[in-house]
Amino acid sequence: MTSIETATGQSHKATNVSSATSKIQNSGLSFKRWGRKSPFIRYGLPMISLVVFGAVGFGHLLQGSKDIAKVKDDKEWEIIETRKALSRTGPIEYKPKKISLEEELKALQEKVDINNYEYKKLPRPNDSKSV
């Protein structure tokens, strides 16, 4: 290559660079103009897409945690079933005790007598230091 060719090659590259920057500037100006003409496209559309994609992503996260919880529940259920099957006397029969609220109230009233009580002084933080 001669010095003339390199000089013309560099000037050709400089022309390409200046035309590329002018295209970028023009596209930037047209984008600003486009945003001023329709603010929905500039502000509303990104906001709505953020909300929609966020909801979809959050749904996937929640579904994953639900799947994990289901697997844990299934394992616990299997453990309970194997305990029932492996007990010495045969399967354990669970018979829930039938409880009524009236019976529970009577049992609680028998334990606690609200008419006979005694005042007790509660220790304060300052009292414990002086003792």
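Colleague: How many helices and how many strands are there in the protein chain?
Modeller: This is a predicted model, and its protein chain holds four helices and zero strands. From the N terminus on, the order of elements reads α-α-α-α.

Colleague: Which elements have the lowest and the highest mean pLDDT?
Modeller: Helix 1 (residues 3-37) has the lowest, 62, and helix 3 (residues 101-111) the highest, 90. The protein chain averages 77, and 67% of the residues score at least 70. Where pLDDT is low, the predicted coordinates should not be read in detail.

Colleague: Why is Phe-53 called exposed?
Modeller: Its relative accessible area is 62%. The label requires over 50%, so Phe-53 is exposed. Phe-53 lies in helix 2 (residues 39-86).

Colleague: What makes the nonpolar surface patch that includes Phe-53?
Modeller: Phe-40, Ile-41, Leu-45, Ile-48, Val-52, Phe-53 and Val-56 make this patch of about 660 Å².

Colleague: Where does UniProt place the feature "transmembrane region"?
Modeller: The unreviewed UniProt entry places it at residues 40-62. In the model, residues 40-62 are 100% helix and 0% strand, with the end C-alpha atoms 31 Å apart.

Colleague: What percentage of the 131 residues in the protein chain is buried?
Modeller: Buried residues make up 4%; the term applies under 20% relative accessible area. The protein chain exposes about 13,200 Å², and carbon and sulfur atoms supply 62% of that area.

Note on methods
Residues numbered from 1 in each chain as written. Predicted model: local features only at pLDDT ≥ 70, side-chain atom pairs only at ≥ 80, totals over all residues. Heavy atoms only, no water. pLDDT = per-residue confidence, 0-100. Helix = DSSP H or I, 4+ residues; strand = E, 2+ residues; numbered from the N terminus. UniProt positions renumbered as here; feature names shortened; annotations may be inferred. Patch = residues over 30% accessible without salt bridge, like charges linked within 9 Å, V, L, I, M, F, W, Y side chains within 5 Å. Areas by Shrake-Rupley, 256 points an atom, 1.4 Å probe, with all protein chains shown as cover. Salt bridge = Lys/Arg side-chain N within 4 Å of Asp/Glu carboxyl O. Buried < 20%, exposed > 50% of the residue type's maximum accessible area, 1.4 Å probe, protein only.
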